[in-house]
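Hi,

Here is the structure I promised to pass on. Have a look at it first, and my notes on what turned up follow below.

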Amino acid sequence: MSKFLNNKYKGLIPYVPGEQPKEKRYIKLNTNESPFPPAIALKYEDFADVADNMRLYPDPEAHSLKAAIADFYKVKPNEIFIGNGSDECLYYSFMAFCEAGVSFPDLTYGFYKVYADINAVKADIIPLRDDFTIAVSDYEDRGTAIVIANPNAPTGIMLGKEEIRKLLCKNPDKVVIIDEAYIDFAPEGSSAIDLVGEYDNLLVIQTFSKSRSLAGARVGYAIGNAALIEDLERLRFSVNPYNISSFSLAAAVEAVENAEYFRENCRKIKENREYTRNELIRLGFEVIDSHANFLLAKTERISGVDFYEKLRENGILVRHFENKRIADYNRISIGSMEDMKAFIRAAERIIESRIAAL
Ligand SMILES: *Cc1c(COP(=O)(O)O)cnc(C)c1O
């Protein structure tokens, strides 16, 4: 740390991203990326045009992308905010709406605490129940904004729409942020986007990084009441109006317009998730019921850290968290069927050698 850093940032603990190994030798099941190529692969030649125009700034209003998203989700363009990843949408939301503090679960996306800290906002951290579910009644009248990942990470457990309604009704004077990074792997109709017209305090945040195979493009969006979106735009135009590159905009439009490809990929992930879940149960794992593109699993037969390390020796990366409540578990992202079969084969070998050593 230099002597020049502002005092208020000296205690800041940054977010720790999952490993992105330089060598290609790992089957990567650690950061919930998509195993499928983005829809841009289908129409590569379109990008020559974009390349020719790179000397120009991108559209600061992202008209083309807002139009595509508005059409897909049946909302209005002025109800959409586009961020450089949903992380940026979250950052601006914490900056804009969380002055009185923000409540979220103890086990959830790690960035919420970091964004609270950097904005000097009080984080009101509420433990999940023992079974890792969210008790919605804990979130009544706290006097703070609320942020819930739904499905939650790293559990994959989801709140139903009636529970989301309850959160919104019980906190009419505070913004309720529903982070739907994984909603496309849940049953159709689970998204809170269709409640946006009814509740002026609802902000739904989604991303192109998981279900739309564009983690490298950095595109996310928030959908909410036009007044909330206007507030977010005020901040964005005060920091970085050209927050999405021309390439990323074009890739994201392509991804939304290829609806069939998107739905087919989501279907495959759900199928591979069910396969992996059943196989893990067969091997003696306890698996949390997940609606996301990952599974949280543990077994008495091997500790969380040991399983992580053995998999790594076998060329497979999963995610292990230090947090005591889930230290026995690993989070396994769902990849292609081939990846998941390789994972299960490795897991089976590891468990068998454990049993043999007893
Ligand atoms: C991956 C993830 C994000 C971040 O997505 P980006 O759009 O890549 O910034 C946000 N929230 C949750 C819960 C996530 O898991």
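**What I found**

Seven strands make up an open sheet with mixed pairing, in the order E2-E8-E7-E6-E5-E3-E4. (Strands, E, of at least two residues and helices, H or I, of at least four are DSSP runs numbered from the N terminus; two strands pair if DSSP finds at least two bridges between them.) Strand E2 (80-83) and strand E4 (123-126) are at the edges with a single partner strand each, so one side of each has no neighbour in the sheet. On average, neighbouring strands here are turned by 20° against each other, direction ignored.

This is a predicted model: local features need pLDDT of at least 70 and side-chain atom pairs pLDDT 80 or more, while totals for chains, interfaces and linings use all residues. Residues are numbered from 1 along each chain as its sequence is written, and side-chain values use heavy atoms, with hydrogens and water left out.

Back in the sheet, strand E5 (residues 145-149) runs parallel to strand E6 (residues 176-179), and four bridges join them. Ile148 has Ile178 in E6 as its bridge partner.

Then there's helix H8 (residues 259-282): its 24 residues reach 35 Å from first C-alpha to last, close to the 34 Å expected at 1.5 Å a residue (1.5 Å times one less than the number of residues). Its buried residues (under 20% relative accessible area, 1.4 Å probe, protein chains only) include Phe262, Cys266, Arg273 and Leu280. After H8 comes Gly284, with a positive phi near 95°.

Cheers

Terms used:
Buried means under 20% relative accessible area, exposed over 50%, partly exposed in between (1.4 Å probe, protein chains only). Axes are lines fitted to C-alpha atoms, for helices over the stretch in contact, and angles run from 0 to 180 degrees between N-to-C directions.
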